[in-house]
Amino acid sequence: MRLGKYLSSLTKPEVERLRDELNLTEDEEMIFNKLSKGKSKVSIADECLVSVGTVSNRISAIQSKVNRIINMEEQ
């Protein structure tokens, strides 16, 4: 599952609920917010003044947290 596509499929209240459940770091939350608005890795990197690799690493960390939440809800 691509995180950006998944987030864009959610309603605003669903995105807010998920963000609250994820316990994101400040940096992860910034990336999460931009992804949920449909921003690309490159544009996020430019806006946040970090490398695309850093954005990718943070997206991976967010993805892991999202997967844990989804798996818990399925049980």
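A salt bridge here is a side-chain nitrogen of Lys or Arg within 4 Å of a carboxyl oxygen of Asp or Glu. With that in hand, meet E47 and K34, whose side chains meet in such a bridge at 2.9 Å, N to O. Keep in mind that this is a predicted model, with a mean pLDDT of 93 for the protein. In total, the structure holds 6 salt bridges.

**Confidence**
- 99% of the residues reach a pLDDT of 70 or more.
- Among the elements, helix α1 (residues 3-8) has the lowest mean pLDDT, at 88, while helix α4 (residues 41-48) has the highest, at 96.

**The bridge between α3 and α4**
- E47 and K34 pair up at 2.9 Å; E47 sits in helix α4 and K34 in helix α3, so the bridge ties together parts 13 residues apart in sequence.
- E47 is partly exposed, with a relative accessible area of 39%.

- R17 bridges to E21, with the closest N and O atoms 2.6 Å apart; the two are 4 residues apart in helix α2, or about one helical turn.
- R17 also forms a salt bridge with E73, at 3.2 Å from N to O. R17 lies in helix α2 and E73 in helix α5 (residues 52-74), so this pair links parts 56 residues apart in sequence.
- R17 is partly exposed at 39%, as are E21 at 35% and E73 at 47%.
- Shared partners join R17, E21 and E73 into one network of salt bridges.

- E16, found in helix α2, is partly exposed, with a relative accessible area of 33%.

Notes: Residues numbered from 1 in each chain as written. Predicted model: local features only at pLDDT ≥ 70, side-chain atom pairs only at ≥ 80, totals over all residues. Heavy atoms only, no water. pLDDT = per-residue confidence, 0-100. Buried < 20%, exposed > 50% of the residue type's maximum accessible area, 1.4 Å probe, protein only.
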